[in-house]
Amino acid sequence: MSTATTQPSGPKGLGDRLLTGVERLGNKLPEPFMLFLALFLITGLISTGMALADISVTVPGTDEPTVIKGLFTGEGMTWLTSSLGENYVGFPPLKTVLPILLAIGIAEHSGMLAAAVRKLFGSSPAWLLPYVVGVVGVVSSIMADSAFVVIPPLAALVFKAAGRHPVAGLLGGFAAAGAGYSTNLFPTSLDALFAGITTSVMGALPGYEFEAVNPVSNWWFNIASSIVLGLVAGFIIDRILEPRINREGISRDELADDTATDRPDAEEMRAELTPKENKGLLVAVLAALALTAVLLIAVLPSGSPWRNEEGGFLPKSPLLDSIVFIVFIYFVIVGAIYGWVVGTLRNTNDAVAMMTNALKDMLPFLVLAFILGQFIALFNWSGIGSWIAVTGAAGLESVGLTGFPAIIGFMLLASFLNLFIISGSSMWAIMAAVFVPMFALIGYEPAFTQAAFRVGDSATQVITPMNPYMIVLLGMLRRYQPEAGFGTLIARMLPFVVPFWIVWAAILAIFFYMDLPLGPGNGIFIG
């Protein structure tokens, strides 16, 4: 066995014991599909009991009470057998996530996204590198989970080439990509996924007026968060992480290990771009500018069909309804043109293959979406969601916990659960079903609750062993520091977790107290 993969014996430190405890508790949870199957059955049992007890609830603003309906009744079984397919196919995230995923698949598999990252890294001076790694790491979530494999070793490579410590780039790149995963400068498939779930759970409040949630409903908040968090990550890398690594005397050279299998391929590890790749990026940027000009020409004239009946765009218009198409066409155009220039995309067969590969990466979610759709549909149909929302909102109001402190508590709960449920879609489906309608009843737009969830969803995933990419990072780190363990990782990641959480919460507080729009057409307060 290679010495690079052995751990030293002896008593475990606090970090190791903490992570071991988290791992044991997390391992007791079933797989996401089985978890939601269990939640579906539990909800069915509870709804049946409440139906037999003739429990009902009146949603504020409605005249008729909502009577709880039970799954394990004649009516419930009829509903399930007749709507099983609709509950799945009609699951809102599918119609937004899948088109965007197809487009991002072309941009990623053509090599355009990786080339853009390498261009930013390779053209940065040594003093600026930590901040570039911070911002690019945060934005790298556009590449989904591949960011955890591409960014850290590439950051280590450019750090070393610039005379800085490669381990600082390695760990800093991972921390930025993980702790800032839920935000981005650009709309991503994650935005579409969150928006779909948020919209679907509002079915618990039938007829309740709220601003529709779409993939750009948190865009202004995301832009501010991405920039600030990227700079915070850069500061931590530059002033805290790298000085500490230098003080500890960790080697700047990797140990030889020909058996390593978690290293990205040579193309991803090469920081410099070839002339053809530089040309491809330039042409892709020019194409994006041309597409922007076309869109502006189409939507800016006063008689544009993409305006609403009042001649504007907010709060609702065909333009906002076209967000999925706009995101789709941008990624398709820039990805295809880059691929055509560099030779990775030669015909439509290549484009189809790239989109197919993107969907292959999404297959686990497509399976999970089946039971997610059933769970949320049952929550809405049975009336349990309405009952929890009304009862929970009344409870919060009775104790006076309806302001920003309630949001802080919600974010802390999300951060804690994130230690055990690493899947953002799974955790949001659980939390959204309860908190989105509840917070709507005390005056908060669903888009705002979704924005608050983003804060709690990301920060702690870089300190939990339930994150499978922590194992990958540990393998990379042991090439420089063979004795490193999970306690080492948590010690190196903690300086990112707390500042990220506090700064991100502060950004949300600024939006909250200044009542700033979170995105096009979406604010903080209902009404």
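Where is S423 found? S423 sits in the loop between α17 and α18 (424-441). A word on the basis before I go on. This is a predicted model, numbered from 1 along each chain as its sequence is written, and local features need pLDDT of at least 70, side-chain atom pairs count only at pLDDT 80 or more, while totals for chains, interfaces and linings use all residues. Side-chain values use heavy atoms, with hydrogens and water left out.

Back to S423. At 22% relative accessibility, S423 is partly exposed. Here buried means under 20% relative accessible area, exposed over 50%, and partly exposed in between, with a 1.4 Å probe and protein chains only.

Now the overall fold. The protein has 21 helices and two strands. Those are DSSP runs, numbered from the N terminus: helices are H or I with at least four residues, strands are E with at least two. The radius of gyration is 24 Å, close to the 24 Å of the globule rule for 527 residues, so the protein is as compact as a globular protein of that length. That radius is taken over C-alpha atoms, and the rule is 2.2 Å times the number of residues to the power 0.38. The C-alpha trace spans about 70 × 65 × 45 Å along its principal axes. Of the 527 residues, 54% are buried.

Next, the inside. The largest nonpolar core holds 155 residues, and F121 and M411 touch the most other members. Helix α21 (residues 486-513) gives the largest share of this core, 15 residues. A nonpolar core is a set of buried Ala, Val, Leu, Ile, Met, Phe, Trp, Tyr and Cys residues joined through side-chain atoms within 4.5 Å. Leaving out residues up to four places away in sequence, M411 touches F404, A452, V455, G456, W501, A505 and L508. Touching, or contact, means heavy atoms within 4.5 Å.

G409 lies in helix α17 (residues 404-417). G409 is partly exposed, at 36% relative accessible area. The C-alpha atoms of G409 and G456 are 9.9 Å apart, at 47 residues along the chain.

Which helices do the buried residues of α6 pack against? They pack against α5 (112-122), α7 (147-161), α8 (166-179) and α10 (219-248). Helix α6 (residues 129-139) is mostly covered, with ten of its eleven residues buried.

On to charges. There are nine salt bridges. The rule is a side-chain nitrogen of Lys or Arg within 4 Å of a carboxyl oxygen of Asp or Glu. One joins D191 and R454, with the closest N and O atoms 2.6 Å apart. The pair links distant parts of the chain: D191 is in helix α9 (residues 189-201), R454 in helix α19 (residues 446-458), 263 residues apart. Both D191 and R454 are buried.

Another salt bridge joins R492 and E248, at 2.7 Å from N to O. R492 is in helix α21 and E248 in helix α10, so this pair ties together parts 244 residues apart in sequence. R492 is buried, at 3% relative accessible area. E248 is partly exposed, at 37%.

R346 and D350 also form a salt bridge, their closest N and O atoms 3.2 Å apart. R346 is exposed, at 64% relative accessible area. D350 counts as buried, at 16%. Elsewhere, salt bridges that share partners join R164, D238, R239 and E242 into one network.
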